[in-house]
Amino acid sequence: MLIEFTKMHGLGNDFMVIDLVTQRMTLTPELIRLLADRRIGVGFDQLLIVEPPSRPDIDFKYRIFNADGSEVSQCGNGARCFASFVQARKLSFKQRLRVETSSGIIILSTNRYGWVQVDMGKPKFEPDQIPFTPKTITKVGRAYRLDVDGIPVQLYVANIGNPHAIIKVDDVLDADVDRLGKLIESHEAFPERVNVNFVQVINQRHVRIRVYERGVGETQACGTGACASVATGIREGWLDEGVDIRAQLYGGSLAIRWQDGYSLIMTGPTAFVYEGVFSPDGLAASAGIKLDPNADDVY
């Protein structure tokens with residue numbers, strides 16, 4: 001059995017996209033890890049799955065898996081690629097899509113320049129909404145001071161479909177993203193792990209961001225991370241409210257707009273890289289693994 005797939009990216013945040021509307025296959029964490037391997041598989045930051053809707057008022061179901069096989073609730077760059085993919089594959093002719101994720105419904109629309117706008121919903125900031133459960137809470141305004149391997153780190157928390165920690169820095173190029181990101185991602189205060197954003201404010205309408213994503217590591221871009229960072233910046237008065245903020249990441253820039261009480265709106269480009277086919281059983285066999293479709297962790 002051969003499965004068709006498409007390789008895409010949003011600002012360098014790269015995805016493997018599989019249409020399970022017109023195809024059928026069984027996914028396991030083990031198979032996802034094989035596909036994510038950049039030497040023996042396809043290689044990606046996240047795997048995006050297009051599924052039929054589960055109810056009549058939505059167009060598609062959207063599922064996201066990290067390179068380590070774990071499923072996550074949301075991916076902003078992936079959502080834009082999702083919209084471009086279903087239109088290019090003629091799975092839908094609508095310019096505005098209602099898509100179901102495990103964290104709720106998102107609205108995707110494409111403008112005349114081919115950029116995709118995503119209604120990301122309202123950000124959440126309360127600790128139990130992240131979730132963020134430190135043994136002791138030391139607050140500095142609306143920030144928290146967290147002990148990270150003996151280092152006191154001041155951070156903010158937000159949830160935009162995924163949990164995020166936001167750290168304001170003077171210069172993202174000097175930020176210790178790999179070490180601190182890894183320590184905070186798996187810190188006991190974040191029971192579901194967390195994406196870690198390092199944010200440099202250039203001016204009231206421009207930020208630079210680096211993101212260490214849970215289950216992946218540092219990526220070229222992260223849409224939910226950019227949204228969480230901008231929302232936090234607006235809430236703290238670092239950034240202007242109700243206008244497009246330029247969120248600059250390694251892979252490029254996004255336009256993000258937010259006004260308190262309303263949804264976050266993210267707009268940005270997508271890119272198709274290539275299309276291909278693979279055999280799930282053949283890939284597993286080449287790695288000396290037998291896939292078990294009856295395993296407890298089958299998706």
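Q: Which domains does the domain assignment of the chain give?
A: Domain bounds are taken from an automatic or database domain assignment. Here the assignment gives domain 1 (1–114 + 269–285) and domain 2 (125–262). This is a predicted model, in which local features need pLDDT of at least 70 and side-chain atom pairs count only at pLDDT 80 or more, while totals for chains, interfaces and linings use all residues. Residues are numbered from 1 along each chain as its sequence is written, and side-chain values use heavy atoms, with hydrogens and water left out.

Q: How far apart do the C-alpha centres of domain 1 and domain 2 lie?
A: The C-alpha centres of the two domains are 25 Å apart. The contact (heavy atoms within 4.5 Å) takes 19 residues from domain 1 and 19 residues from domain 2.

Q: How much space lies in the largest pocket, and what lines it?
A: Rolling a probe the size of a water molecule over the atoms shows where empty space is left. On a 1 Å grid over the protein atoms alone, a cavity is a set of points where a 1.4 Å probe fits but cannot get out; a pocket is an open set with protein on both sides within 12 Å along at least five of seven lines, and lining residues have an atom within 4 Å of a point. Grid points are joined across faces, edges and corners, and a volume is the space filled by probe spheres set on the points. The largest pocket holds about 210 Å³. It is lined by 14 residues, and Ser 103, Met 120, Lys 124, Ile 160 and Gly 161 are the closest to its centre. Strands S7 (104–110) and S8 (116–121) are the elements that give two or more residues to this lining. The lining draws at least three residues from each of domain 1 and domain 2.

Q: How many cavities of 30 Å³ or more are there?
A: The count is 1. About 60 Å³ of space lies in the largest cavity. Its lining has 13 residues, with Gln 46, Val 72, Gln 74, Asn 162 and Glu 213 nearest the centre. Each of domain 1 and domain 2 supplies at least three residues to the lining of the largest cavity.

Q: Which residues of helix H3 are buried?
A: Buried means under 20% relative accessible area, exposed over 50%, and partly exposed in between (1.4 Å probe, protein chains only). Helices (H or I, at least four residues) and strands (E, at least two) are DSSP runs, numbered from the N terminus. In H3 (residues 177–185), the buried residues are Val 177, Leu 180, Gly 181, Ile 184 and Glu 185. They lie on the same side of H3 because they cover an arc of only 125° around the axis, the arc being that of the directions from the helix axis to the C-beta atoms. Asp 178 and Lys 182, on the other side of H3, are exposed.
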